[in-house]
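Subject: Structure handover

Hello,

Here is the structure for you to look over. My notes follow below it.

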Amino acid sequence: MNLSFTLRPLVPSDHEAAARLLHRSLVTWYQSRLGQGARFGDSHEPFRLFPEVYASLDPGQAVAAVDADSGDLLGVCFVHPRETHVAVGIVATSPEAQGRGVARAMVSPVLDDARRRGLPVRLVSSLLNLDSFSLYSRLGFVPHTFYQDLAISVPVAGLAAAPPQGAERVHSVTDVAEAARLADFEQAWQGIRRERDYAFFLRNQVGAWDVWALEDAAGALEGFLVASQHPSCVMLGPGVARDEATAAALLWRALDAMRGLSPVFLVPCAAAGLVQQCYAWGARNVELHAAQASGPISPSRGIAFPTFLPETG
Ligand SMILES: CC(C)(COP(=O)(O)OP(=O)(O)OC[C@H]1O[C@@H](n2cnc3c(N)ncnc32)[C@H](O)[C@@H]1OP(=O)(O)O)[C@@H](O)C(=O)NCCC(=O)NCCS
């Protein structure tokens with residue numbers, strides 16, 4: 001059957017349909033291929049957070065693919081232009097329309113536009129979802145860092161293990177004026193900049209965010225970590241740390257503030273000591289992700305914690 005569709009910006013009146021599409025496409029894909037549909041829950045309601053956060057952060061940037069006849073939503077693709085790159089967030093096609101070029105049509109103009117502006121495009125893609133990995137690989141994305149997604153149930157009484165060194169110095173950041181400092185740090189260590197994201201977390205008006213930071217004795221930033229406490233997305237990240245010990249201190253403090261919750265977070269597979277530390281706290285592997293980029297990316301140092309909301313890579 002031929003599929004005729006058009007692309008247009010996603011608008012707030014699409015949010016309900018977008019939440020339903022995200023939920024249905026994820027449940028259907030992961031259930032039919034991996035028998036893991038249940039991990040996305042039985043309601044689309046939590047998925048409203050995604051278009052809402054993205055509309056607030058990047059108004060008018062998300063792409064909708066709609067059926068040319070009925071106007072029904074067939075696909076969504078979230079786009080985040082930043083100072084140093086363009087990030088692509090969740091891409092999803094309705095189960096009935098998959099395999100017919102909808103995702104390629106949504107992502108291709110983003111790549112063309114970034115190329116014109118001389119910016120790389122970055123994202124994180126699931127390695128359990130080969131359709132998504134293949135889509136991005138076909139479009140020229142190249143993996144540069146591999147991450148393991150870890151989930152941990154934080155007991156109501158807190159993690160049983162003693163806090164790692166430095167955890168006692170991790171403090172909460174709430175001042176919006178700190179956004180530039182966090183962005184400067186990420187740029188220095190990871191080669192990407194997105195000050196608006198940090199101002200968004202610190203303003204804390206859409207979603208429910210905590211921002212944690214660790215500084216040395218002279219007050220210089222050693223790392224920071226954002227945590228989403230919103231029931232629709234209990235997740236740590238984004239964050240950057242100068243080394244594994246700093247990353248462990250930030251993680252421990254952020255987890256301690258999530259007692260009774262089961263957050264997920266992404267840790268670089270290459271950060272072997274940090275991974276072992278997380279296992280010792282009780283973390284379990286639940287997914288694998290690859291950070292992929294189209295176009296040259298700046299060299300990076302330290303430990304990055306990517307997230308899906310808003311997507312980094
Ligand atoms: C991943 C997803 C968005 C792809 O959407 P889609 O509309 O079906 O994708 P398209 O039809 O545009 O294109 C898929 C491309 O990947 C290619 N592809 C798919 N499987 C492949 C494989 N195993 N090897 C190589 N290429 C493959 C297709 O040939 C096509 O490339 P082409 O246009 O050059 O022929 C869709 O499967 C989906 O919504 N999944 C559930 C939600 C999800 O997991 N999203 C991604 C995680 S955020």
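How far does a polar side-chain atom of Asn-129 lie from an oxygen atom of the ligand? The distance is 2.6 Å, a polar contact in the sense of two N or O atoms within 3.5 Å (within protein, one must be able to donate a hydrogen and the other to accept it, and residues adjacent in sequence count only if both atoms are side-chain atoms). Taken alone, the ligand exposes 960 Å², and the protein buries 75% of that (Shrake-Rupley accessible areas, 1.4 Å probe; for residues, only the protein chains shown count as cover).

On the basis of these notes: the model is predicted, so local features need pLDDT of at least 70 and side-chain atom pairs count only at pLDDT 80 or more, while totals for chains, interfaces and linings use all residues. Residues are numbered from 1 along each chain as its sequence is written, and side-chain values use heavy atoms, with hydrogens and water left out.

Ligand shell

The ligand is surrounded by 20 residues, each with a heavy atom within 4 Å of it. Thr-93, Gly-99, Gly-101, Arg-104 and Asn-129 are the closest. Thr-93 has a backbone N or O atom 2.8 Å from a ligand oxygen atom. In Arg-104, a side-chain N or O atom is 2.7 Å from an oxygen atom of the ligand.

At least two shell residues come from each of α1 (15-34), β4 (86-93), α3 (102-117) and α4 (130-138); helices (H or I, at least four residues) and strands (E, at least two) are DSSP runs numbered from the N terminus. With five residues, α4 gives the most to the shell. By type, the shell has eight nonpolar, eight polar and four charged residues (Ala, Val, Leu, Ile, Met, Phe, Trp, Tyr, Cys and Pro count as nonpolar, Asp, Glu, Lys and Arg as charged, the others, Gly among them, as polar).

Pocket

The ligand sits in the largest pocket, meaning that more than half of its atoms lie within 2 Å of the pocket's grid points. A pocket here is an open set of points on a 1 Å grid over the protein atoms alone, where a 1.4 Å probe fits, with protein on both sides within 12 Å along at least five of seven lines; lining residues have an atom within 4 Å of a point.

There are 47 lining residues, and Leu-26, Tyr-30, Phe-40, Ile-90 and Asn-129 lie nearest the centre of the pocket. Elements giving two or more residues to this lining include β5 (121-126), β6 (142-151) and β12 (284-294). Again α4 gives the most, here six residues. The lining divides into 24 nonpolar, 14 polar and nine charged residues.

Backbone

Gly-237 and Pro-238 are joined by a cis peptide bond, with omega about 0°; Pro-238 is in strand β10 (235-241). Another cis peptide bond joins Leu-309 and Pro-310, with omega about -5°.

Regards
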